[in-house]
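Let's take a friendly walk through this model, looking at a single residue and then at the place where two chains meet. Have the structure open as you read.

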Amino acid sequence: MSIKVTNLTKYYGNYLAVDDISFEAKKGEILGFLGPNGAGKSTTMKIITTYLPPTSGSVEVDGFDVEDKSLEVRKKLGYLPELNPLYYDMIVTDYLEFIAKLDGVPRGEIKKRRDDMIRVCGLESVKHKDIGTLSKGFKQRVGLAQAMINNPDVLILDEPTSGLDPNQIIEIRNLIKKLGKEKTVILSTHILSEVTATCNRVIIINKGKIVADGTPQELQSKSKGQSIVTLEVKNNCDKNALLGSLKEIRSVNKVDFVKDTGDSFIFNIYGNHGIDLREVISGKVMLNKAIVLSMQAKQSSLEDIFRELTK
Amino acid sequence: MNTQNIKTIFSKELKSYFNSPIAYIVMIVFMAISGFLFSMSFFQINIASMREFFGSFFIQLVLFVVFIPAITMRTFSEEKKQGTLELLLTKPVTDIELILGKYLSALTLIVITLSPTVLYFIIIKMIGPIAFWPFVTSLVGYILMSAFFIGIGIFVSSLTENQIIAFIISVLISLFFFLLGKLLIVFPVSVVSIFEYITTDYHLSNISRGVIDTRVLIYYFSMIFFTLFLTKVSLESRKW
C-alpha cells in the first residue's frame with residue numbers, strides 16, 4: 001500500500017479544511033482529486049508531502065508516517081506544489097542538478113537523471129535558459145521534471161496541466177499515464193475531462209469531505225442523474241398532441257418544449273437514468289404522424305455528477 | 001545533520017548572490033568607503049595603525065546596519081513569496097540544514113567583502129611597524145559582529161514575505177544593538193554593566209585591543225545560536 005490516509009482532519013485556526021477523510025492508493029493507480037476551490041485538495045496534498053502536519057488522523061507513505069518519519073517519506077516523494085514555484089534566476093540544468101542533489105540522487109547519477117528528465121519533459125531547447133524567461137508551459141514542464149528527478153515511488157501533482165496548451169496537456173497526460181503504471185500518482189484538477197482521460201480512480205472532495213470515490217465509470221453509473229433525449233421533429237404536426245403523448249410514456253419524467261425554429265419543433269425529454277428512451281419516443285412520434293429530423297440521447301456526464309455532489 | 005545538504009544549499013545561495021547585483025554593490029561600495037577611510041587615516045594622521053580604520057563609526061554603521069540587512073533580507077522572504085520554501089521543505093532536507101546553508105553563505109559573502117583589509121595591512125606593513133595581533137583580532141571581531149547581525153537579518157527575513165519590510169525591521173533591530181553601546185554614557189552607572197554586556201559595541205572594542213577572551217566568544221556564539229534557533233522556530237510556525 002503506497003499511500004494510506006486514515007481519518008485525516010486539518011484545521012486552520014477555526015476553519016475546518018479537511019474533515020475526517022480516509023482513503024488508500026496503491027501502486028499503479030492514478031488517483032484524481034476533484035473538487036471546487038477550497039475543497040481541501042491542496043491541504044491534503046500538503047499533509048501527504050509533510051509540509052503541514054495533520055490536526056488529527058494519520059498519513060502513511062510506503063509504511064512511513066508523515067510526522068514521525070518525515071525525511072523517509074520525503075525521499076519517496078515527488079511533489080509539484082500548487083502554482084509551480086521555481087527559482088527564476090537559475091538556468092534549467094543548474095536547477096535540476098540542485099534539486100537532484102537535495103533529493104539525494106547519488107553523485108554519479110545526477111547528470112544522467114538530469115538529462116533523462118530534460119529529454120522526457122521536452123526541455124532540450126530551453127535547458128540553458130533562465131527559468132524566469134520561459135513560457136508558462138515550459139515552466140510547468142520544469143516543475144514536473146523537478147518532481148520526478150529522484151524517480152519517486154509516489155508522485156503528488158497539484159494541478160499539473162494548468163497553463164499548458166492543448167497539445168502540451170495531451171503530452172503531459174500521456175507522460176503521467178506512463179509513469180502511473182509503476183508508481184502511485186495523485187493529481188488534483190479542476191478539469192473534469194482530465195480525470196476521465198488520465199485517472200483510473202477519482203475522489204471527489206467537497207468542503208473537506210470525500211463525497212465520491214471510484215473509477216470514472218463507477219461514478220457515472222452510480223449517479224442519480226437522468227437520461228435526456230433531444231428530439232427535433234418537422235413542424236407539420238400537432239405540437240400539443242405530440243407533447244401529450246410523449247408525456248404518457250411511463251419512464252418519462254418530464255417533457256420540455258424547447259423552441260420552434262420556424263420549420264421544426266425541439267423537445268427535451270427527461271427519463272430515468274440508464275434507460276434508453278429513443279425507441280419508445282420514435283414509436284410515439286410515428287403515431288402522431290410527425291417526421292423525425294434528429295434525436296440524441298445523453299447520459300449524465302462527470303460534470304453533472306460533480307455539480308450534483310458539490311452543490 | 002547531513003553536511004552534503006548544507007553544502008548544496010550553501011553553494012546555490014552563494015551563486016545566487018553573485019548572480020544578482022547585490023553582492024557586487026556591497027563589495028564595491030565597501031571597498032570604496034574602506035579604501036577612502038584607510039588612505040585618510042594613513043596619510044593624514046601618519047601613524048602605521050589600523051585602529052582608526054576598524055574603530056570607524058561610519059564603516060561599522062554601513063557594514064552592520066545597512067549592508068548585512070541588505071544581503072539577508074531576501075533569504076527566506078523571497079522563498080516564502082515565490083512558494084519555493086514549500087518545495088525545499090518537502091525535500092529530504094531538515095530545517096536546520098536549510099538555515100545553516102543559507103547562514104554560512106551570507107557569512108562567506110561578508111568574509112569576502114572584508115578580505116581587502118588584509119591588503120591594507122600588508123601595505124602598512126611594508127612601510128612601517130604595525131602590530132599583527134590587534135589586526136587579526138579586529139578582523140575576527142568584525143566577522144563575529146557580522147555573524148551576529150546576519151543571524152538577526154535571516155531571522156527577520158523568515159518572518160515576512162516582503163523583503164523591504166524584512167530590510168527595514170532588521171535595520172531597526174541592528175541599529176538598536178549597535179547604538180546602545182554608543183549611548184552607554186547617558187545611562188546611570190548602575191545599569192551600564194548590564195547594557196554593556198548585551199551591546200555588540202562593547203565586545204568589539206574589547207576585541208580590537210588585541211585580546212579575545214572567552215566571555216566575548218560566549219556572548220557572540222550564544223547570540224548567533226539564539227537567532228538561528230528563532231529562525232527555526234519561525235519556520236516551524238507553519239505547523240502551528
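## A glutamate in a loop

Where is the place of Glu159(A) in chain A? In this predicted model, Glu159(A) sits in the loop that runs between strand E7 (154–158) and helix H6 (166–180) of chain A.

Now for its surroundings. Glu159(A) is buried, yet it has no salt bridge. The nearest side chain of opposite charge belongs to Lys41(A), 4.8 Å away, and a salt bridge would need the nitrogen within 4 Å of a carboxyl oxygen. Leaving aside residues up to four places away in sequence, Glu159(A) touches Gln140(A), Ser188(A), Thr189(A) and His190(A).

## Where the chains meet

Let's turn to the interface. Chain B brings 24 residues to the contact, and chain A brings 24 residues. About 2,400 Å² is buried between chain B and chain A, with carbon and sulfur atoms giving 60% of that area.

There are 2 salt bridges between chain B and chain A. Glu86(B) forms a salt bridge with Lys46(A), where the closest N and O atoms are 3.0 Å apart.

## The side of chain B

Which helices of chain B each supply at least two residues of the side that touches chain A? They are helix H1 (3–19), helix H5 (77–82) and helix H6 (84–89) of chain B. H1(B) gives the most to that side, with 7 residues.

By residue type, the side of chain B that touches chain A divides into 7 nonpolar, 10 polar and 7 charged residues.

How values were computed:
Residues numbered from 1 in each chain as written. Chains lettered and ligands numbered in written order. Predicted model: local features only at pLDDT ≥ 70, side-chain atom pairs only at ≥ 80, totals over all residues. Heavy atoms only, no water. Contact = heavy atoms within 4.5 Å. Buried area = accessible area lost by both parts, 1.4 Å probe. Helix = DSSP H or I, 4+ residues; strand = E, 2+ residues; numbered from the N terminus. Nonpolar A, V, L, I, M, F, W, Y, C, P; charged D, E, K, R; others polar. Buried < 20%, exposed > 50% of the residue type's maximum accessible area, 1.4 Å probe, protein only. Lys, Arg positive; Asp, Glu negative; His and termini not counted.
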